[in-house]
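I open these notes to keep a record of what I look up in this model, beginning with the whole chain and then going into its parts.

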Amino acid sequence: MSGILSKQAYAALLEPAFEQAEIGFSEGGVPVGAALFDASGDLLSVGRNRRVQENDPSIHGETDAFRRAGRQSSYRDKILVTTLAPCWYCSGLIRQFNIGTVVVGESVNFEGHLDWLREARVQVVELNDARCISLMASFIQQSPDIWNEDIGECACDSCC
């Protein structure tokens, strides 16, 4: 299934990830949700960015879903769906474990490192989902300090 789905089928895989993003937003966290699927499109796990909720800077949406899926014999045939283009940290996880396909809800609010993933022969599917774009834009406007912290950017003028 991985690599041969239509954009409409990939969009259907976005639903559990988007639900996680909405939960994260309602909890006051960064609204990035993710889901990991096997090659047949069976859901292995879901996750969300819980950095704020858990006071743990390593819990991004993609890493949460990855951890919750447990050990897999191979990741090349897995499909990682995320509501936002992956940061360096999550892109490194994708490359380290050779996840074969990454479905991105949006890359408007944050471009991520999609070209770096493509260089590693990761199939990247960009959906430009309006719901994902709107939710992240709302969060960035509402919580710019948390957003800048999440992407490793300093929001002040004095220390950088």
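Entry 1, overall dimensions. I compared the radius of gyration of the protein chain, 15 Å, with the value near 15 Å that a compact globule of 160 residues would have, and the two agree. I keep in mind throughout that this is a predicted model. Taken along the principal axes, the box that the C-alpha atoms fill is roughly 50 × 25 × 25 Å. Buried residues make up 50% of the 160 residues, and among contacts with a separation of 6 or more, 54% join residues 24 or more positions apart.

I counted seven helices and five strands in the protein chain, and reading along the sequence I wrote down the order α-β-β-α-α-β-α-β-α-β-α-α.

Just after α3 I noted G70, which takes a positive phi of about 75 degrees.

On the α3 side I listed E62, T63, F66 and R67, which meet Y89, C90 and L93 of α4.

Entry 5, aromatic rings around F66. My count of aromatic pairs in the model comes to five. One of them joins F66 and Y75, a tilted pair with 5.2 Å centre to centre and 35 degrees between the planes, and both F66 and Y75 are buried. F66 also pairs with F97, again tilted, at 4.8 Å centre to centre and with 45 degrees between the planes. Why does the pair of F66 and F97 tie together parts that are 31 residues apart in sequence? It does so because F66 lies in helix α3, whereas F97 lies in the loop between α4 and β4 (101-104). I checked the accessibility of both partners: F66 has a relative accessible area of 13% and is therefore buried, while F97, at 34% relative accessibility, counts as partly exposed. Taken together, F66, Y75 and F97 form one aromatic cluster.

I looked for arginine side chains placed over aromatic faces and noted R95, which lies over the face of W116 at 4.0 Å from the ring centre. I also noted R131, whose charged end sits over the ring of F18, 4.3 Å from the centre of that ring.

Which residue in the loop between α4 and β4 did I note here? It is N98, which has a positive phi of about 55 degrees although it is not a glycine, and which is partly exposed with a relative accessible area of 44%. R121, likewise not a glycine, has a positive phi of about 65 degrees. I placed R121 in the loop between α5 (114-119) and β5 (123-126), and at 69% relative accessibility it counts as exposed.

Definitions and conventions
Residues are numbered from 1 along each chain as its sequence is written. This is a predicted model: local features need pLDDT of at least 70, side-chain atom pairs count only at pLDDT 80 or more; totals for chains, interfaces and linings use all residues. Side-chain values use heavy atoms; hydrogens and water are left out. Helices (H or I, at least four residues) and strands (E, at least two) are DSSP runs, numbered from the N terminus. Contact means heavy atoms within 4.5 Å. Rings of Phe, Tyr and Trp (its six-membered ring) pair if their centres lie within 6.5 Å; planes under 30 degrees apart count as stacked, over 60 as edge-to-face and the rest as tilted. Buried means under 20% relative accessible area, exposed over 50%, partly exposed in between (1.4 Å probe, protein chains only). A charge sits over a ring if NZ of Lys or CZ of Arg is within 6 Å of the ring centre and within 35 degrees of the ring normal. The radius of gyration is taken over C-alpha atoms; the globule rule is 2.2 Å times the number of residues to the power 0.38.
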